[in-house]
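Biologist: I would like a close look at a single part of this model, followed by its surroundings. Please give the cut-offs along with the values.

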Amino acid sequence: MGHNRVAIVGSGSVGATIAYAIMLRDVASEIMLVDVVPDIVRGQTLDLSDAQLVSDTKVRGGTNKEAGQCEIIVITAGAKQKPGESRTGLIDRNYKILQSVIGDMQPIRKDAKMIIVANPVDVLTHIARKLSGLPTNQVFGSGTFLDSSRLRVLLADKLQVSAPSIHAYVLGEHGDSQFIAWESATVAGKPLLSFPEIQQLDKEQVRKEIAGKAYEIIKLKGATYYGIGACVASLCEAIILNKRQVRPLSVYVDSLGTTLSVLAKIGSNGIEQLYDIPLAKEERAQLEESASGLREICSKYT
């Protein structure tokens, strides 16, 4: 294993769960935890070091400045979403946090990959790209990767096949305007819409259930972290091992003039290619609508 260092800025539940998931995958040589509260870093570092019986990954605390010199920089730092608060309601609070964190990292190493996890992820990824000065392909957000994972789990249950056997994606904004690309969804090369079990589904109800799952979890236990921890750990692994996986990630899309989730190939260079998948007419309209809303918000911060 080369010297692959992953910095995680923001060491609360989400940051620590990402660190733990990366440790269990044993792909990074070092994880550096950064937080404005030193005791949290110390506590999480001590706790995570107890997991070294199953991992060779070292965990230590660090500063924003040091984080800027890591190969991968994961930013989870942000104000917590309050029950019932929309993701866009968080923007102003999180913009200031991002400005401070990325400002302290400068100069950031030129080949660093920056993954934004804090919400609203599309807008914050858009802002981080400007603040960091890194090339577009090296700054991206977790986007609708987790939403797509939630969708596959739900559909797997309906079809009684494993979730990885289902190719179906949630695209657009990671938020209320996200949509499901039903037209291009398949199992065993067969269109998902040709299965009777899927034809009987209330598609809009499925979309709402997937989009609202985070709210449900927050209402019940205060925060979501296991799903996103697994997603971000797998993104770090794709970069470190140059896996070239195709994931729905929050990236800047030239043709739409904003940052939102489309299918992207991820490898050691970060985002290596974007894919334009077949969309039904109404899905294309939903993508445009999602992009239009995000363009409007992003324009205030650029």
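How many residues line the largest pocket, and which of them lie nearest its centre?

Modeller: This is a predicted model, in which local features need pLDDT of at least 70 and side-chain atom pairs count only at pLDDT 80 or more, while totals for chains, interfaces and linings use all residues. Residues are numbered from 1 along each chain as its sequence is written, and side-chain values use heavy atoms, with hydrogens and water left out.

The largest pocket is lined by 45 residues, and V14, T76, A77, G78 and A79 are the ones nearest its centre. A pocket here is found on a 1 Å grid over the protein atoms alone: it is an open set of points where a 1.4 Å probe fits, with protein on both sides within 12 Å along at least five of seven lines, and a lining residue has an atom within 4 Å of a point. The space in the largest pocket comes to about 910 Å³, a volume being the space filled by probe spheres set on the points, which are joined across faces, edges and corners.

By residue class, the lining of the largest pocket holds 20 nonpolar, 19 polar and 6 charged residues. Ala, Val, Leu, Ile, Met, Phe, Trp, Tyr, Cys and Pro count as nonpolar, Asp, Glu, Lys and Arg as charged, and the others, Gly among them, as polar. Helices α1 (13-25), α4 (91-105), α6 and α8 (203-221) each supply at least two residues of this lining, and α4 gives the most, with 6. Helices (H or I, at least four residues) and strands (E, at least two) are DSSP runs, numbered from the N terminus.

A salt bridge is a side-chain nitrogen of Lys or Arg within 4 Å of a carboxyl oxygen of Asp or Glu. Because R150 and D147 are 3 residues apart in α6 (residues 145-159), about one helical turn separates them. Both R150 and D147 are buried, where buried means under 20% relative accessible area, exposed over 50% and partly exposed in between (1.4 Å probe, protein chains only).

The structure has 12 salt bridges. Among them is the pair R60 and E30, with the closest N and O atoms 3.3 Å apart. This pair links distant parts of the chain, 30 residues apart, with R60 in strand β3 (residues 58-61) and E30 in strand β2 (residues 30-34). R60 is partly exposed at 29% relative accessibility, whereas E30 is buried at 15%. K243 and E237 form another salt bridge, at 3.5 Å from N to O; K243 is partly exposed at 38% and E237 is buried at 10%. R5, E71, R109 and D111 are joined in a network of salt bridges.

The count of disulfides is 0, a disulfide being a pair of cysteine sulfur atoms within 2.5 Å. C231 is in no disulfide either, and its nearest cysteine sulfur, that of C236, is 11 Å away. C70 is buried at 0% relative accessibility, and C231 is buried at 5%.

From the record, UniProt places the feature "domain: Lactate/malate dehydrogenase C-terminal" (unreviewed entry) at residues 144-299. The end C-alpha atoms of residues 144-299 lie 22 Å apart, and the span is 46% helix and 22% strand.

Terms used:
UniProt positions renumbered as here; feature names shortened; annotations may be inferred.
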